Amino acid sequence: MFPFQYYTPTRVVFGTGTENQVGTLVRAQGSKKVLIHYGSGSVVRSGLLDRVKASLCEAGVAFVELGGAVPNPRLSLVYRGIELCRAEGVDFILAVGGGSAIDSGKAIGYGVANEGDVWDFYAHTRVPSACLPIGVVLTLAATGSEMSNSSVITKDEGGIKRSCNTDLGRPVFAVMNPELTLTLPDYQTSCGCTDILMHTMERYFTNGGSMEITDSMAEALMRTVIAKAKILHADPQNLDARAEVMWAGSLSHNGLTGCGNDGGDWATHMLEHEIGGMFDVAHGAGLAAIWGSWARYVMDSCLSRFVRFAVNVMGIESSSDERAVALAGIQAMEAFFAEIGMPTRIPGLGIAPTHEQLEQMAKSCAAACGGVKGSARPLREADMLAIYEMAMEA
């Protein structure tokens, strides 16, 4: 067991119709003017944006709007949001959407509350000292950004995808109505379930400390998401499964499943960030495409964790041949990814990186990590390139 601090300041308002409480929640923060930040036209077409605005109007809260958040949210839109907030005197960010709108909203909040270029916080040359308060109306269960300290932004020039992680960016409230996810395309739902799993798995596969209660909660969360993802692949309108996945997404990334360990591995996320930055692929799909290769590469350095995962999560029968059990667990997870329509290799993403591009991604990943990343097995640039190369194989 490692010492830890568990900090979850976000008030969760969960259930059908909860978006109608937004005005009351914002007013309780003492806000005078809100930026409503959202993504695609689905928020408009569904009528959700109108309901949110009506709730704010009823509560007497003024607002301005900024749409356009996209997957792998762009720094250029963050800059526009910062300018708009400063010009309009905005003192609260309300992100309506999934992780892209939330992450972009957090970046806008950092930019308004601090001097200088907000990208410095993502390039890790400076640390923010403040952030505008953030509220969330969640429409996609995936990133866990509605309760996490994380924000990931892509710099337009060069496709550089980087994160800023501080408790200043944790939302003050998250409104979660699972009905809002019923219209999601199957691929997007599967990407979200994969991201939720990976947030837990990144913390689970570690050589640095553990607690039985933490491990047991992580395993239960993973089993639940796997089961519900299969249900949603067959029955997208299953509201109970939607609710389970939505809540699991928040619990997977608010710190709960990492209490007592060394903070986790996170190499798979860093490897995917380079793929997403260069090729603009869906984050969850990118994680599925790289995970199996990462797992086989590091397995022998973290064998006991892979054995426990195989037995307790994937239902593999225990045996004296621990390596065979661990490999069977990896294969079972890849079979699950394939079952819900996720790729298990990079070509399955519909891209064909050259070897020079693989080398560029490995170099950039190593630089972003300060030269080394990982707890299951510390990875350096040559290791990262080897994993990319493995993930290109059929």
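Strand E4 (residues 92-97) pairs with E5 in the parallel sense, over five bridges. The model is predicted.

- Strand E5 spans residues 134-138 and is mostly covered, with five of its five residues buried.
- Ile134, Val136 and Leu138 point one way from E5.
- Gly135 and Val137 point the other way, and all of these residues are buried.
- Toward E8, Gly135 stands opposite Phe173.

- Lys53 lies in helix H3 (residues 48-58) and Glu65 in strand E3, so the pair ties together parts that are twelve residues apart in sequence.
- Glu65 is partly exposed, at a relative accessible area of 33%.

- The side chains of Asp215 and Arg305 form a salt bridge, at 2.8 Å from N to O.
- This pair links distant parts of the chain: Asp215 sits in helix H8 (residues 212-234) and Arg305 in helix H12 (residues 303-312), 90 residues apart.
- Asp215 has a relative accessible area of 6%, which is under 20%, so Asp215 counts as buried.
- Arg305 is buried too, at 9% relative accessible area.
- Asp215 also meets Arg308 in a salt bridge, at 3.8 Å from N to O.
- Asp215 belongs to helix H8 and Arg308 to helix H12, so this pair ties together parts that are 93 residues apart in sequence.
- Both Asp215 and Arg308 are buried.
- Shared partners join the salt bridges of Glu212, Asp215, Glu219, Arg305 and Arg308 into one network.

**Negative patch on the surface**

- Glu356, Glu359, Glu381, Glu389 and Glu393 gather in a surface patch of negative charge.
- Helix H14 (355-368) and helix H15 (381-392) are the elements that give two or more residues to the patch.
- Glu359 lies in helix H14.
- The relative accessible area of Glu359 is 36%, so this residue counts as partly exposed, between the limits of 20% and 50%.

- Most residues other than glycine have a negative phi.
- Asn72 has a positive phi near 55° and is not a glycine.
- Asn72 is placed in the loop between strand E3 (62-66) and helix H4 (75-88).
- At 8% relative accessibility, Asn72 counts as buried.
- Asp280 is not a glycine either, and its phi is positive at about 60°.
- The loop that holds Asp280 runs between helix H10 (267-279) and helix H11 (283-298).
- Asp280 is partly exposed, with a relative accessible area of 42%.

Definitions and conventions:
Residues are numbered from 1 along each chain as its sequence is written. This is a predicted model: local features need pLDDT of at least 70, side-chain atom pairs count only at pLDDT 80 or more; totals for chains, interfaces and linings use all residues. Side-chain values use heavy atoms; hydrogens and water are left out. Patches are made of residues with over 30% relative accessible area and no salt bridge: like charges are joined within 9 Å, nonpolar side chains (Val, Leu, Ile, Met, Phe, Trp, Tyr) within 5 Å. Accessible areas come from the Shrake-Rupley method with a 1.4 Å probe; for residues, only the protein chains shown count as cover. A salt bridge is a side-chain nitrogen of Lys or Arg within 4 Å of a carboxyl oxygen of Asp or Glu. Lys and Arg count as positive and Asp and Glu as negative; His and the chain ends are not counted. The place of a charge is taken as NZ of Lys, CZ of Arg, CG of Asp or CD of Glu. Helices (H or I, at least four residues) and strands (E, at least two) are DSSP runs, numbered from the N terminus. Buried means under 20% relative accessible area, exposed over 50%, partly exposed in between (1.4 Å probe, protein chains only). Two strands pair if DSSP finds at least two bridges between them.
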